[in-house]
Amino acid sequence: MSIVDIHTHVYPPSYMEILRSRTNVPYVRTFPPDPIPRLLVLPGEDGPTSTSTSRGRPIGPEYYSIEHKIAFMDAHEIDISVISLANPWLDIVEPSEAAQRACEINDEMNSMCLQYPGRLFMFGALPLKGTLEETVLEIKRLRGLSCVRGVVMGTGGLGNGLDDQKLDAVYAALQEEELTVFLHPHYGLPAEVYGPRAAEYGHVLPLALGFPLETTIGVSRMILSGVFDRHPTLSILLAHSGGTLPFLAGRLESCIAHDLHLAAGPVRRNIWDVLAKNILLDAVIYSSVGLKAAVAVAGADRVLFGTDHPFFPPMNPGGQGWLSVTMNYDAVSAAFGDSAEAKGILGGNAVKLLRLEL
Ligand code: 5CU
């Protein structure tokens, strides 16, 4: 049985150069006297001068070295990883440079994968800041890169979110090229919702709640705007087990069924049907409770193990045991033991759904 990690990020060296050259978030720099560089990535985390989590996180080679990725995989018995550029992807590049950057970074990551044949595959990044035509062209080009199995996307789309009708051309190309969209959050919720004491809570509220709610809202807007009616075989892999979608799907469906405005519009597919046919969920939820909910809505054959490496490293610098990884392994084991369902979640589903044979 292969163990496959489908939620695992990298900032390839050329992207690190971009991060090091910037002075506003996201950026990487040192804060003397501490010699260790820090990554400030989340909107608004360029806050008070302290070395707490309110000023980013230490960043080392685990974020950009493919050798470190492989060492991490070996340490955690992960056979295959489907790597993706970490947030905020190409959202930070100039529109005029987007297409070329996408091409270079995707080629760079494909070359990284080719160094470890059969162990690394990837989700490509899209030049969404460029023109629509450039994005569609990159999707077509990505299909020809041997290690690419999908694309990673945030919830911003072209600037107006994932229910923007202009994105139909992008969804159509992704559907046609059979590339899975790995939908991942970055922007979270407006800072005000966390209140004036937010800095006291480090990254907990934006990461534990802001990220999943952003994903939930993003995919709900896709459902409401009929994306899955117009693109019935489009495949979307939702980060963090779909945010709160498994828990709230019934409420969403009920609100749709009781809304007079929507009742006057086109007939749309039932949310449970979309969940069962178009949506894949990762298993990055750290507990058997959330994992069982994910399986209940998407099916045991559509939930896929992940780690979120290199984020959530051990608290002792340089530490070996990644609690974030063992929590996700333990959740699978607590919910499904070593059943066929567990084996599917840990790797079999990804091999099948993402065509991970050489
Ligand atoms: O810790 C974080 O900020 C993050 C992040 O930015 N992206 C991610 O995928 N996980 C954690």
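In which loop does Pro88 lie? Pro88 sits in the loop between strand E5 (80-85) and helix H3 (98-114); helices (H or I, at least four residues) and strands (E, at least two) are DSSP runs, numbered from the N terminus. Before I continue, please note that this is a predicted model, in which local features need pLDDT of at least 70, side-chain atom pairs count only at pLDDT 80 or more, and totals for chains, interfaces and linings use all residues. Residues are numbered from 1 along each chain as its sequence is written.

Let me turn to the backbone. Most residues other than glycine have a negative phi, and most peptide bonds are trans. The bond from Asn87 to Pro88, however, is cis, with omega near 5 degrees. Another cis peptide bond links Pro32 and Pro33, with omega about 10 degrees, and Pro33 belongs to the loop between strand E2 (27-31) and strand E3 (34-40).

Two glutamates also deserve attention. Glu77, in the loop between helix H2 (66-75) and E5, has a positive phi of about 60 degrees. Glu77 is exposed (12 or fewer other C-beta atoms within 10 Å of its own, C-beta atoms being placed from the backbone), as 10 are found. Glu178, in the loop between helix H5 (168-176) and strand E8 (180-183), has a positive phi near 55 degrees. With 13 C-beta neighbours inside 10 Å, Glu178 is partly exposed, the class between exposed and buried (20 or more).
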